[in-house]
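Me: I'm new to reading protein structures. Could you walk me through one, feature by feature?

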Amino acid sequence: MITTKDLTKVYTSRGRQVSALRGVDLHVREGEVYGVVGTSGAGKSTLIRCVNMLERPTSGTVTVDGVELTALRGSEHRAGRELREARRRIGMVFQHFNLLSSRTVQENVELPLEITGLDRTGRRRKAAELLELVGLGGKARAYPGQLSGGQKQRVGIARALAGDPKVLLSDEATSALDPETTRSILELLRTLNQELGLTVLLITHEMDVIKSVCDSAALMRDGRIVEAGTLTDLLADDSSQLARELFPLGDLGDPGAGRPDGTVLEITFQGDTSTQPFISQLARTYQVDINILGAAVETIGGRQVGRMRVQLPGGHQDNVVPIGYLREQGLQVDVVTETGANTDSTTGVVA
Ligand SMILES: Nc1ncnc2c1ncn2[C@@H]1O[C@H](COP(=O)(O)OP(=O)(O)OP(=O)(O)O)[C@@H](O)[C@H]1O
């Protein structure tokens, strides 16, 4: 639904050039919620602004719903007719809502419809429908100044939906909100994604946002995407930095704890595997004593994901068969340490 190819953006500021994007390839599938995360200055805002051409990329292409926006005429300041039409199919919500304070809630939502030339009755009807959809049916006549932050963002979302977009871009939409309101706005985005089939691309600096609402995620650093994939695939990849941040290993305690001689395993389970009693099965099948060093279970992207750190007696060679058994059950197993053995590996050594 959204594809960027080798996207670059160079800003010139006071005679100095800043490369905000250095060849970004992004692929967001239809109907998914895709989060881009990264530290301040990584290029997230620039990327999302290039996707709807609020910012014209220096080079590369942007394609949204089969239309290559970068091939359409227009500058940053004045888009051509085709680009304006394509943009109408892309809604955008902003961190600071960007509402007009002198207009009522309803008039704010009607604004994009005025621009399309829809008549007054049509505008009223559409705005009322949208306000109902975002849970603000009773606030049509209020002014933005009379609303809470969460309510303002709901108005921003209703306005973004006025053009019946297929894609919604969210630029740190929850960063100015408290945790409770953030949760309710993320739930609304998820509902709109599911009920309207809306594809959502959001940028955030909060891992919790990715965890609670996204199907896929990308990590940006210094103008590049350094990692991307579905949350399920990322969590199954032991080298994934995003997975480590989504589900920090530190939570599981010290891998050096436990018996002095033994093999410490880190077992990741998600989806169906999370309901299997694999530890007791392993103990029964191989008659081994299993020492549980730590465990955590979380819901990430609507799926249950768990990690457990366990210790088996003996070195790695003694445990090849039990480890193979666990992997056959669909579990991801990383050998963290072999205490008392020659190997001193502290990284996820996968045999
Ligand atoms: N209009 C501009 N003119 C000059 N440099 C800019 C401009 N906009 C962004 N930059 C620079 O481009 C780089 C990327 O900025 P960008 O705002 O895209 O990052 P970000 O990841 O969204 O950061 P934040 O989370 O702080 O918003 C930064 O070095 C920033 O200073």
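Me: Which residues does Met-53 touch, not counting residues up to four places away in sequence?
Reply: Keep in mind that this is a predicted model. Leaving out those sequence neighbours, Met-53 touches Val-62, Leu-69, Ala-79, Leu-83 and Arg-87.

Me: Where is Met-53 found?
Reply: Look in the loop between α1, residues 44-51, and β4.

Me: What separates the C-alpha atoms of Met-53 and Met-220?
Reply: These two are 167 residues apart along the chain, and their C-alpha atoms are separated by 19 Å.

Me: Which residues does Lys-9 touch?
Reply: Skipping residues up to four places away in sequence, you get Ala-20, Leu-21, Thr-46, Cys-50, Glu-55, Pro-57 and Thr-58. For a distance, take Arg-78, 69 residues along the chain from Lys-9: their C-alpha atoms are separated by 18 Å.

Me: How do I read the sheet? What order do the strands have?
Reply: Go across the strands from one side to the other. Here you have an open sheet of 4 strands, ordered β2-β1-β4-β5, and the pairing is antiparallel. An edge strand pairs on one side only, and here those are β2 (16-28) and β5 (67-68).

Me: How many bridges are there between β4 and β5?
Reply: β4, residues 59-64, pairs with β5 over 2 bridges, in the antiparallel sense.

Me: What about the nonpolar core?
Reply: The general idea is that nonpolar side chains tend to be buried together in soluble globular proteins. In this case the largest nonpolar core has 71 residues, and Val-51, Ala-158 and Leu-201 have the most contacts inside it. β2 provides the largest share of this core, 5 residues. There is also a second, separate core of 15 residues, including Val-264 and Met-308.

Me: Which residues does Leu-201 touch?
Reply: Not counting residues up to four places away in sequence, Leu-201 touches Ile-2, Val-28, Tyr-34, Ile-48, Val-51, Val-167 and Leu-169.

Me: Last one: what domains is the protein divided into?
Reply: Domain 1 covers 2-243 and domain 2 covers 249-339. Their centres, taken over C-alpha atoms, are separated by 40 Å. The contact takes 8 residues from domain 1 and 8 residues from domain 2. On the side of domain 1 that touches domain 2, helix α8 (residues 231-235) gives the most, with 3 residues. By class, that side of domain 1 has 4 nonpolar, 1 polar and 3 charged residues.

Key
Residues numbered from 1 in each chain as written. Predicted model: local features only at pLDDT ≥ 70, side-chain atom pairs only at ≥ 80, totals over all residues. Pairing = 2+ DSSP bridges. Contact = placed C-beta atoms within 7 Å. Domains from an automatic or database assignment. Nonpolar A, V, L, I, M, F, W, Y, C, P; charged D, E, K, R; others polar. Core = buried A, V, L, I, M, F, W, Y, C linked by C-beta atoms within 7 Å. Buried ≥ 20, exposed ≤ 12 C-beta atoms within 10 Å, placed from the backbone.
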